[in-house]
Structures are given as C-alpha cells and as structure tokens.
Amino acid sequence: MINLSSQDELTSPDTQESSGFRHPLRVGILGTGNIGTDLLMKVSRSKFLACTAFVGRRKQSPGLAAAQACGVRTSYDGINYFIDNPDCCDLVFDATSASGHTLHLPVLETLGIRTIDLTPAKLGCMCVPAVNGDDCFLASHINMVTCGGQAAIPAVFALAQSQPTIRSLEVVSSVASTSAGSATRANIDEYMHTTEDGIRQLTGIASKVMLNLNPALPHIDMQTTILAEVPELDLHQLYDALDPIIRRVQKYVPGYRLIFKPRAEGGRLVISLRTRGRGDFLPEYAGNLDIINCAAVVTAEQFAAYAPAMNDFVMAPD
Amino acid sequence: MKTIVISDPTLRDGNHAVRHQVSIDQIAGYCRVADKAGIPIIEVGHGNGIGASSLHLGHARCSDAQMITTARSNLQNARLGIHMIPGFATIKRDLAPALTLGVNVVRVATHCTEADISLRYIEFVRKQGATAYGVLMMSHMASPSELARQARLMESAGAESVILMDSAGYFLPTDVKDRIAMLAVALGIPVGFHAHNNLGLAIANSLAAVEAGATMIDGTARGFGAGAGNAALEQLVPVLSRYGYDTGIDLYGVLDVADYAAADLAREAPNTTSIGIISSLAGVFSGFATPVLRAARETGVDPRQIIAELGRRKILAGQEDSIVEVAIELSKNTNPNVSIPAMVNDNPVSNTNLRP
C-alpha cells in the first residue's frame, strides 16, 4: 500500500522557488486537438512551464492557428519535429492516440525527452497525482491512465485504505457526448481496460469499469460513481479517508466534489463524484478532459519545481 | 405474401422483469419450445446485454457463457442472438468469447444519437463471420432524419439490419410510421422495430412499423420484458398473419411458447403500472422501474416524481446511479414544485407528440 503521508502538501509548487526552481521547464505538446489545445492554455498559465513547441499533423488544425496567434512555436510535422529539433524541450505531453503514442514513445526515449502520455496506451508509470505522484517522480515516461481513472482512483484509494474487505468494485462514468472526441469514441474498450488496470495498479483492487455517453442538452457534467460490496462497511472511516484525498485533488481540479455523502443503497456502497472543469479551452461540463489535463500539468510542474536539471534525472534508455 | 422475420429477446429483455434471475433450466426449456415453433432468432443474456451483469445494473443469475452455451445446445434451427452495448461489454472480455461459443447474431446497441461508437464492434462481428445488426435505443429522442443518419453509419460499417427500439414505450403508431418509413428509404438493408407496451400500443406500433416497411419485428412470449413488457409474440404472430404477413412461425407452436412462458418463465406477465405510464410520458427507459421503486422506498419520495425528474434531465439507460442522486435531491425538497404534468409539457418531444 502506498504511503500518503509525504503527499499531504501536494499542490501547484508555488512555494518551491527557494528549493531550487530557476527556469520554467520547456514542454512540447504533441497533438493539437481538444486535449492538446486545452493543455496549451493550462501550460501558458503556469509559472513553472513554458510551451516551446505545439505540434500536430494537420496544417488546417484550428488548434495550430490558435497557438500561432498566441506566439507559440508550432509545427505540423508530427513526431518528426522533435527528431529535427531534439533540444526544443525537456518534456513532451502526448495528446494524440494510443496507437500514435506507441509509435512516438521509442523516438522520444531515444531523444532523451521525458514523456507524459494522455492516451490510454498504458506504457508508462501510471500516475494519479493525489495518489502516487511521488512514485512517478523518477520515471522518464508517465501515463495519466484515463479521465475516468483520474476521477475514480483517489476515491477508490480512500475506500481501500479505510475498509478491511472490498468484495467487488465498479466504476461507472457518464460524460457529455460532445466531450468524447473521435479518438475516445473509437477506443471505448481501451478506455475501459486501461481504467481497470490503473485502478488495480494504484489501489490493488480488481474492478469493472463502465462508460455512458449522454447527448442531453444542456450538457451533463462528468459524473463518476463507485459501487462496491463492502461487508463491514464503516461510513465514518470511509469519509475520514475520502475527505482529505478529495481536497488534494481539488488543489489541481477545483470542480471535483462528492455529489452526496457516500451511502449504502440497495446493499451496495455508493460514492458519486462530479467533476466540473475550469472551462479553459473546453467548456466546464467537460470535466473528463479537464481532470486528465490538470493532472498532467500538475505532474509536469512537480518536475519543474523539484528537478530543474531535468536531464540529469531522466534515465538513459537501455 | 411479404415475409417478416421475428426476433425473440424473451430471454434477454425478459431478464429485466425478474432482476436478471432467469435460470439455466428456463433458458434450456424456452429454447427448445421456441426452436420447435420456428422462431428464427432467439436472444439470451442479461437485460442490458453481454458484459452488463454488475452491481450497477444488477447481477445476473447465470454468466454470459452459461446462458450462451445452454441456449446453443438447445437450438437446432433458430439462430442464437446476443445484445451488446459499447461501454458495458468489450471485444476482448465479452464479445470475442461469445462468438467462439457459437453466437450467430450480434445486435450492437447504442443510444440513438451515438451510432459511431458501434462501428468497430459491427466490423469485428462481420470479420468473425457472424451476423451483425445495429440497434438504436431510446429512438424517441431523435428525429426521423437524425435516426436515418445514425442508421446509415451502422450500415456503412457492415450492419445487416438496423432496429429501432422504443425503449421508453413512448411512441404512438404515427411516430413509428414516420421513423420507419424514413429508414426504409434511406437504408439498403432491412429495418426492424422493438416495441414496449407502456401505453398498450406494442402490437399496434409493431404493425405500424411493418406497414411502413419494417421487415424484422421483436416479440417476446407474454410480452416478457423490461417495465410494461414488449409486443407479445402470441399476439404479434397471428395479428401479422391476419394482415397477410408471413412469419414462418407455427400458430400452435407460438401458443405453446406462450403457455410454456406462463407456466415456467413469465408467471406474471408484465403489465402497465402507473410507473410504466409515467415513464412512457416522461420518455424514460422502461428498465428503470425496479431501481426507481427501490430509491423511492429508501428516500420516501413519490416514484413518479423521480421518473419525471429523470425524464427532465434526459437520463439514459446505463445511468442508473443518477436515480439515487435524484431521489436524494427530491427528498430534501420539502415543497416540490416539479409537478408531473408540468414536466411533460416541458419535454419538447412530449410537447409536440402528446397532441393528437
């Protein structure tokens, strides 16, 4: 079981300047769709990160035009941009697709560029900042699990910590149909299996993951419900474990909250969470996209704050 | 004489009526009688399809594999079908194993505006050499032209038929006619219809579908299905026959199927309760009845009010967790002003269609 004590202060590292932070970490963003463009806005706001390359594959991508207008260096050469400009950045966020990332990873590793993967390729160290941010600190390759994983895993972690026995566990997420982009829609199986793997790796619990897309207008907020059979359920202990971890997530995703106090209903434990986004590039209802981007950015910020000489940290590829 | 293919989801939709507790013996017994009657497609599974047995949607008594192998070994002529919803079942965990157990027909079902998420599964099923149909659920929530666009996506991926489901039992016969007629023109593949009987219109709506060009109709023994149930096979088959359509099903055979169901499977035929009527008017999934009644009991809220609020929020099958949330919220509201008639008038679909 992972010890949480060292992470109680997890936050954007505003207070870290005295501990060695000198220069913003130079980050590249690969993928100029919704996720990539929203990431760009979050990175631009960060004191600890500077976007030095915004790279896609389609010249006409609206994300590229928006980035150009903000004065960010852009390219539509895809992964080749990094091959041609290996010193352009210290870290790349990959916001393409699972199959794209599988191709990009070996190239970025050879170039000595650290990666934070936002696709469900699950090749790197799976990271949910509020749960195991520290474990990924030395990894050269981080995977952000999935949006549903970012929302569910902190609560499942609290559940696993506070209850002796959990007989079965399910995670049901519902998101607005328009917040699921074409890559998500084509990869629902990967979403489900990667979320299940993330839950198992970070909490030790086997689960079944489900996903609903709802086209209702006005758009529904991202909702994540955890259902579990817990033979000796202690709701007070659960709440005591849940409250601090939810507050830790709120430090990077302010719109993350319980919909109602966890309760036993129909012989099951029900924990329902709503995630509203910050409304940067994507609307507030798309909390599913916001939470994975916020988690990726806070992870990169931790690197920036604690490891200014990033290249010394990145493990050489074998 | 025009031929209509009857597809029978008694052992799948009917599972909703018994909280997914259909047994191996019931599957075996029903399959033998239905096969003998000449029913061409028999579907088995959890009410929400393969991979859906869960705390969230209810655990089935039997595993998918047990249901499929039992049905397989008790069918000689009928083709064996399953229902699968992307987001609940995956290829690796559920669909591929089902096909290796001898499933012939896979009905890939999505909410009526989300057909693009079905394409990968339809393509997979075709590649494995099985028959793939597309299903558009909750089809009252989209216009005829939108349904036609969605159905064509499924056709483009290789679907060999597209079936509209009236999952809320909402439609009047004219609604069915408009939608089926549009699909029949737009598609080069057969069009099907799956009725629910909330307003006592399951047979009339099925007939309207056939007259508008549908050639595949779902019926279940004694109407055994979610909520108010489906079109009853033992009524559907003779009605179609009297209208001059050939189903290839033996009359005494289908009556035997109904008698078997009455004795061993659906002892209490589904009927229209006040919950069924309000969920039709609110456009809410028929299968919500059981969890709504439970949430109503636990919170002391009028179940009709819960259904009305679920309809206002356009909550879909699969979002059963929202039932608890809505019930808790309503229980806090000491002076609820969400009256049911007001909600029905606020529902744009109801607003246009409730007027005769």
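1. Thr224(A) and its surroundings. Setting aside neighbours within four places in sequence, Thr224(A) is in contact with Ala151(A), Ala152(A), Val171(A), Val172(A), Ser173(A), Ile271(A), Ser272(A) and Leu273(A). The model is predicted. Thr224(A) sits in strand β10 of chain A, residues 222–229. Its relative accessible area is 0%, so Thr224(A) is buried. One of its contacts is polar: the side chains of Thr224(A) and Ser173(A) come to 3.3 Å.

2. Helix α1 of chain A. This helix covers residues 34–45. Its 12 residues should span 16 Å at 1.5 Å a residue, and the end C-alpha atoms are 17 Å apart, which agrees. The buried residues in α1(A) are Ile35(A), Gly36(A), Thr37(A), Asp38(A), Leu39(A), Leu40(A), Lys42(A) and Val43(A). The list includes charged side chains, Asp38(A) and Lys42(A) among them. As a reminder, an α-helix has 3.6 residues a turn, so residues three or four places apart point the same way.

3. The interface, overall. Chain A and chain B bury about 3100 Å² between them. Carbon and sulfur atoms account for 49% of that area. Chain A puts 38 residues into the contact and chain B puts in 37. The rule finds 6 salt bridges across this interface. It also finds 22 residue pairs in polar contact there, both partners at pLDDT 80 or more.

4. The chain A side. Which elements of chain A give two or more residues to the side that touches chain B? They are β8 (168–176), α7 (182–186), α8 (188–203), β9 (208–214), β10, β12 (263–265) and β13 (268–276). β9(A) gives the most, with 7 residues. By class, this side of chain A has 17 nonpolar, 10 polar and 11 charged residues. Strand β10, on the list above, is also the strand that holds Thr224(A).

5. Arg185(A) and its partners in chain B. Two salt bridges of Arg185(A) deserve a look. With Asp116(B), the closest N and O atoms are 2.7 Å apart. That pair crosses between chains, from the loop between β5 (105–111) and α5 (119–127) of chain B to helix α7 of chain A. With Glu114(B), the N to O distance is 2.6 Å. Is Arg185(A) buried or exposed? Its relative accessibility is 12%, under the 20% limit, so Arg185(A) counts as buried. Asp116(B) has a relative accessible area of 30% and is therefore partly exposed.

6. A pair within chain A. Arg268(A) forms a salt bridge with Glu265(A), with the closest N and O atoms 2.3 Å apart. Both ends are on the buried side of the cut-off. Arg268(A) has 9% relative accessibility and so counts as buried. Glu265(A), at 2%, counts as buried too.

7. The side chains of Arg313(B) and Glu329(B) meet in a salt bridge of 2.6 Å, N to O. The two residues are 16 apart and link distant parts of the chain. Arg313(B) lies in the loop between α13 (303–312) and α14 (321–332), and Glu329(B) lies in helix α14. Arg313(B) is partly exposed, at 22% relative accessible area. Glu329(B), at 36%, also counts as partly exposed. Over all chains, the structure holds 29 salt bridges.

Note on methods
Residues are numbered from 1 along each chain as its sequence is written. Chains are lettered from A and ligands numbered from 1 in the order in which they are written. This is a predicted model: local features need pLDDT of at least 70, side-chain atom pairs count only at pLDDT 80 or more; totals for chains, interfaces and linings use all residues. Side-chain values use heavy atoms; hydrogens and water are left out. Helices (H or I, at least four residues) and strands (E, at least two) are DSSP runs, numbered from the N terminus. The expected span of a helix is 1.5 Å times one less than its number of residues. Buried means under 20% relative accessible area, exposed over 50%, partly exposed in between (1.4 Å probe, protein chains only). A polar contact is a pair of N or O atoms within 3.5 Å; within protein, one must be able to donate a hydrogen and the other to accept it, and residues adjacent in sequence count only if both atoms are side-chain atoms. Contact means heavy atoms within 4.5 Å. Buried area is the accessible area (1.4 Å probe) that two parts lose on being put together, summed over both. A salt bridge is a side-chain nitrogen of Lys or Arg within 4 Å of a carboxyl oxygen of Asp or Glu.
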